[in-house]
Amino acid sequence: MAKTAKSLFHTLPHCFLRSQLFKPNCRNLSSHVKYSIEVNNQKDFLRVSLKSRVLNLSFEYLLDNNVHSFDPISSQRMENIVDVNQNVDLIDWRLNDDNKLELFWGDKRTTFFDLSLLEESSKLKQVFWDSSSFNKLIWSRAIDVNGLNGSECEKSMDQFYGLFARYGVVFVKNVEANESATKKLCEKMGIISRTYYGADMWTVAADGKHADTFATNLAIRTHTDNTYFDAPLGVQVFHCLSHDGSGGETLLVDGLNISRLLRQKDQKSYNTLTRVPIRYRYLDPGKAMFKASGPMITEECEGFPSLKQFRYNDYDRDIDQSHLSLEDQRAFFKALRKAAILIQSPENEVTLKLSPGLVVFIDNWRVLHGRNSFTGNRVLCGCYMERHDWRSKAALAQF
Ligand SMILES: [Fe+2]
């Protein structure tokens with residue numbers, strides 16, 4: 001019979017526990033200490049309770065993350081793991097006032113582990129949205145371009161990156177309706193990606209000059225871009241410079257919300273879409289043939305509800321899926337249809353009209369975009385931008 005988790009652990013205060021398991025040498029701890037620590041009965045890992053979560057830390061992990069293994073200037077780990085003796089017992093430990101865990105090992109080494117560093121990674125939380133919450137969470141928080149240029153610039157920029165990290169969509173209003181003003185805004189906010197498609201910025205009308213549905217006036221169902229790249233481009237920027245007809249509304253769907261709903265309603269389909277890699281292909285005859293594969297849903301290493309990547313594009317899904325077993329073919333296409341029904345549901349799909357002056361920035365690793373068909377002449381400009389740069393700025397704004 002399996003032991004319950006509770007039976008594996010002592011729940012006594014750690015001073016008492018130390019004296020019970022190790023040398024009876026309990027020291028008084030400062031009132032500033034904010035962690036509780038337990039050793040499991042087998043004495044082969046520590047359980048640390050932080051403010052927001054509980055972590056099990058193996059001795060191998062603790063040995064690898066000795067404070068003194070890191071360069072104090074670059075913060076990079078300098079010790080070679082080949083040189084780390086992992087076949088040692090933990091003899092004793094204590095928690096110091098500066099939240100450093102001091103560990104005494106059987107080979108007479110002492111290492112230090114900084115518990116405060118574990119709090120950092122949980123600060124950037126993604127928040128899901130749908131049609132009913134979009135206006136309040138995102139649309140009403142459009143940032144005025146004048147704020148990004150004025151005395152409150154730093155505050156507005158932090159707000160911008162915070163919104164991007166949390167929701168994956170940010171609007172900036174009152175931008176001059178031309179490509180150069182759009183480019184100036186993008187350059188202020190981050191790094192414009194250079195791509196296969198040509199110049200860093202593009203301006204396109206429905207003129208059929210590109211081998212892509214994008215350059216027509218047809219409706220485009222929601223999707224993420226560049227699924228045929230191993231690392232799809234990170235941020236999509238759109239600015240509608242003019243439109244003298246009707247239709248052409250932009251469609252947006254939150255991939256985090258779709259993942260959440262699918263997981264709630266049909267765990268089996270969710271598991272299939274996180275597990276089965278699907279091939280995508282882009283063919284520009286005589287010019288390019290891109291191919292890549294990946295599952296539709298990739299969770300962040302911290303697990304749901306943190307989404308690392310949503311890869312979804314019906315238009316570019318490859319005919320060749322010959323790597324899939326019969327069982328996986330059946331499971332995948334059933335799960336795909338269930339996800340597509342959620343994606344195309346009006347409760348989850350936001351419809352809005354982009355007007356000249358309004359620039360939208362979309363996280364292409366999370367948020368799906370599409371558009372309704374339209375009449376008349378519609379001119380759109382935009383670019384792709386680096387996503388890691390924005391995530392970094394959002395992380396820095398939090399600390
Ligand atoms: Fe697209």
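Trainee: At what angle do helix α9 and helix α10 pack?
Mentor: About 110°, with the axes of α9 (residues 267-275) and α10 (residues 326-343) 9 Å apart. Axes are lines fitted to C-alpha atoms, for helices over the stretch in contact, and angles run from 0 to 180 degrees between N-to-C directions. Helices (H or I, at least four residues) and strands (E, at least two) are DSSP runs, numbered from the N terminus.

Trainee: What does that make α9 and α10 to each other?
Mentor: Roughly perpendicular, therefore. Angles of 65 to 115 degrees get that label; under 35 is roughly parallel, over 145 roughly antiparallel, and the rest oblique.

Trainee: Which residues make the contact?
Mentor: From α9, S269, T272 and L273; from α10, A331, F332, K334, A335, K338 and A339. Contact puts two C-beta atoms, placed from the backbone, within 7 Å. By class, there are 5 nonpolar, 2 polar and 2 charged residues. Ala, Val, Leu, Ile, Met, Phe, Trp, Tyr, Cys and Pro count as nonpolar, Asp, Glu, Lys and Arg as charged, and the others, Gly among them, as polar.

Trainee: Before I go on, what kind of model is this?
Mentor: A predicted one: local features need pLDDT of at least 70, side-chain atom pairs count only at pLDDT 80 or more, and totals for chains, interfaces and linings use all residues. Residues are numbered from 1 along each chain as its sequence is written.

Trainee: How many helices and strands in the chain?
Mentor: 11 helices and 20 strands.

Trainee: And what share of the residues is buried?
Mentor: 28% of the 399 residues. Buried takes 20 or more other C-beta atoms within 10 Å of the residue's own, exposed 12 or fewer, and partly exposed lies in between; C-beta atoms are placed from the backbone.

Trainee: How many residues are in the largest nonpolar core?
Mentor: 65, and those with the most contacts inside it are F164, V169, V170, A339 and F361. Helix α6 (residues 153-167) gives the most to this core, with 6 residues. A nonpolar core is a set of buried Ala, Val, Leu, Ile, Met, Phe, Trp, Tyr and Cys residues joined through C-beta atoms within 7 Å. A second, separate core has 10 residues, including V48, W93, F113 and L115.

Trainee: What does V169 touch?
Mentor: I138, L252, V360, I362, D363 and V367, leaving out residues up to four places away in sequence. V169 also stands opposite I362 in β18.

Trainee: Which strands form the sheet with β18?
Mentor: 6 strands in an open sheet, ordered β7-β8-β18-β11-β20-β9, with mixed pairing. Two strands pair if DSSP finds at least two bridges between them. The edges are β7 (143-144) and β9 (201-204), each pairing on one side only.

Trainee: In what sense does β8 pair with β18?
Mentor: Antiparallel, over 4 bridges. β11 and β18 are antiparallel too, over 5 bridges, and H239 has V359 as its bridge partner in β18. β7 and β8 pair in the parallel sense over 2 bridges, with D144 opposite K173 in β8.

Trainee: Why is β18 called largely enclosed?
Mentor: Because 5 of the 5 residues of β18 (residues 359-363) are buried. V359, F361 and D363 point one way and V360 and I362 the other. In a regular strand the side chains alternate between the two faces of the sheet.

Trainee: Which strands does α6 lie across?
Mentor: β7, β8 and β18, running at about 145° to β8. α7 packs on the sheet as well, touching β8, β9, β11, β18 and β20 (378-385), and its direction makes about 20° with that of β20.

Trainee: New topic. Where is N174?
Mentor: In the loop between β8 (169-173) and α7 (179-189). N174 has a positive phi of about 65° although it is not a glycine. With 13 C-beta neighbours inside 10 Å, N174 is partly exposed.

Trainee: And N226, what is its phi?
Mentor: Positive, about 55°, and N226 is not a glycine either. N226 sits in the loop between β10 (220-223) and β11 (235-243). N226 has 23 C-beta neighbours inside 10 Å, so N226 counts as buried.

Trainee: Last one: what order do β1, β2 and β3 take?
Mentor: β1-β2-β3, an open antiparallel sheet. β1 (36-39) and β3 (54-58) are the edge strands. β2 (residues 45-49) and β3 share 5 bridges, with S49 opposite V54 in β3.
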